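Dear colleague,

I am passing on the structure below, together with some notes on what turned up when I went through it. Please read the notes with the coordinates open beside you.

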Amino acid sequence: MISSPIEAHPNRDFSVMVAEEPTAATQRLLRLMRTGASDPAIARELGISLRTLYRRIARLQSLLGVQSRFQLGVLAAELGWLHPG
């Protein structure tokens, strides 16, 4: 199990992200994604537009240095982001 993003991606600087993530909003988004809900359903549940949803997912992918939602979910789970802190 990966204990930190630095261990997962040693060439990335995660110092800012580690201090800020996962926020409650990030955890809620990841939990909704884990259910397999459609993007429109997730956006409705969060009370945001589809564009904002896509931006948030892209930001998380960038922060973790991953290319796909699948990689995002796997790494978030390995980092313990899906469990209440």
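This is a predicted model: local features need pLDDT of at least 70, side-chain atom pairs count only at pLDDT 80 or more; totals for chains, interfaces and linings use all residues.

Glu21 sits in the loop between α2 (15-20) and α3 (24-34), whereas Arg59 belongs to helix α5, so the pair ties together parts of the chain that are 38 residues apart in sequence. The two partners can also be described by their accessibility: Glu21 has a relative accessible area of 10%, which means that it counts as buried because the cut-off is under 20%, while Arg59, at 39%, is partly exposed.

With a limit of 4 Å between the side-chain nitrogen and the carboxyl oxygen, the count comes to three salt bridges, and the other pairs can be described in the same way.

Arg28 and Glu45 meet through their side chains in a salt bridge with an N to O distance of 3.3 Å. This pair links distant parts of the chain, given that Arg28 is in helix α3 and Glu45 in helix α4 (residues 39-46), 17 residues apart. Arg28 is partly exposed at 35% relative accessibility, and Glu45 is likewise partly exposed, with a relative accessible area of 47%.

Arg69 forms a salt bridge with Asp39, where the closest N and O atoms lie 2.9 Å apart. Arg69 is found in helix α6 (residues 69-78) and Asp39 in helix α4, so this pair ties together parts that are 30 residues apart in sequence. Asp39 is buried, its relative accessible area being 16%, whereas Arg69 counts as partly exposed at 34%.

Returning to helix α5, which carries Arg59, I also compared its length with expectation. The helix covers residues 50-64, and at 1.5 Å a residue its 15 residues should span 21 Å; the C-alpha atoms at its ends are 21 Å apart, so the two values agree.

Key: Residues are numbered from 1 along each chain as its sequence is written. Side-chain values use heavy atoms; hydrogens and water are left out. Helices (H or I, at least four residues) and strands (E, at least two) are DSSP runs, numbered from the N terminus. The expected span of a helix is 1.5 Å times one less than its number of residues. Buried means under 20% relative accessible area, exposed over 50%, partly exposed in between (1.4 Å probe, protein chains only).
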